[in-house]
Amino acid sequence: MSTTERAQAPEGPVAAAPRREREGRVVGFFEAYALVILLGVVIIFFSLYSKTSDTFPTVGNFQAVVGNQAVVAIVALAALIPIACNEWDLSVGATAGVSSIYVASAMSSGTPVLVAILLGLGIGLVVGLFNAVVVTRFGVNGIIATLGTATLLAGVTQAKTGGVAIVANIPNSVVSFGSGNWLGIPKAGWLLIVITLGVYYLLNHTPFGRYVYAVGANPDAARLVGLRSNRLIGWSFVAAGVLAGGAGALQVARAGGADPRVGEQFTLPALAAAFLSAAAIQPGRYNVWGTIVAIFFLAALNAGLNLAGSQDYITNFVNGAALIIGVGLAAYLGRKRKGA
């Protein structure tokens, strides 16, 4: 073969391998950070858009978004733990709602703040244990069981409040924490950072977290290597309940009371963010940082649309579409990850 022919010959497998590796890294980068990039695009768009350029890129709006999303983000982290086990907990929003009602009621009647907060966490613990028993001992499908639990909790909330919000006699120290800032960031946001780091450590740096992911990836294989899948699934529901109960207590501080309808508003965005997490940071794997990115992506998008004057129902469209897309992407990236 002449020199010219060798120069024109197609690349062999060895020469093409580095190019495929570079392409794979580029694709992997965009799979991991596409949602982060979209978050940046949304922020830039609404910062420049004529209808929102005066209100969106402000410190006040930033503080409002972070503060308001702290509770939803904690509920999303609660939902994330059972999802990592390949289970759905549809009761996390209702758990946060009923916790907020009882915490606010206790505070308004003079119960010490710490005791009222422990009450909210205890309610979450009881709900989580109930879900765990129903799912793991009685073999009820997790979606059906937690949907039933959410309906029961809605009834408890209605019976407790009669549909009337609780806003009287909430201690000033609680309201001050919920509405206050520290170093320019809402105090609720600092609490979210602490809880996020705790959940991240639990899922990524403890045996429990590794086992939970193993059960979620392949339950049969997990059982074959000796993991007690039902126990792990049960504890994931318990952890979700406690986190959701804590979120309810924080909601009292943020709102200065408790609205009996607030739990319904948490469930959809929390689940959407938890599922979208599989399309961010660690593609194909439900993860903590992806959940936080998804929460603030949805929050920034909804805040921009609201400031632009869109109708309230647009938020439902956004959250519903995000849930569908999140579930679809999680399934696709999960299959791709297993096949890699």
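This is a predicted model: local features need pLDDT of at least 70, side-chain atom pairs count only at pLDDT 80 or more; totals for chains, interfaces and linings use all residues.
User: How do you know that the span of α4 agrees with its number of residues?

Analyst: The expected span of a helix is 1.5 Å times one less than its number of residues. Helix α4 (residues 92-108) has 17 residues and should span 24 Å; its end C-alpha atoms are 24 Å apart, which agrees. Helices here are DSSP runs of H or I with at least four residues, numbered from the N terminus. After α4 comes glycine 110, with a positive phi near 100°.

User: Why is Serine 91 called buried?

Analyst: Buried means under 20% relative accessible area (1.4 Å probe, protein chains only), exposed means over 50%, and partly exposed is in between. Serine 91 has a relative accessible area of 1%, so it is buried. Leaving aside residues up to four places away in sequence, Serine 91 touches Val127, Asn131, Thr146, Thr149, Ala150 and Leu153; a contact means heavy atoms within 4.5 Å.

User: What makes α4 mostly covered?

Analyst: Of its 17 residues, 15 are buried.

User: Why are α3 and α11 called roughly antiparallel?

Analyst: Their axes cross at roughly 165° and come within 6 Å. Axes are lines fitted to C-alpha atoms, for helices over the stretch in contact, and angles run from 0 to 180 degrees between N-to-C directions. Angles under 35 degrees count as roughly parallel, over 145 as roughly antiparallel, 65 to 115 as roughly perpendicular and the rest as oblique. The two helices are therefore roughly antiparallel. Residues making the contact include Ala64 and Gly67 of α3 and Ser236 and Phe237 of α11.

User: Why is α4 called oblique to α11?

Analyst: The axes of α4 and α11 come within 7 Å and cross at roughly 50°, which makes α4 oblique to α11. Among the residues that meet are Val92 and Thr95 in α4 and Ala240 and Gly241 in α11.

Conventions: Residues are numbered from 1 along each chain as its sequence is written. Side-chain values use heavy atoms; hydrogens and water are left out.
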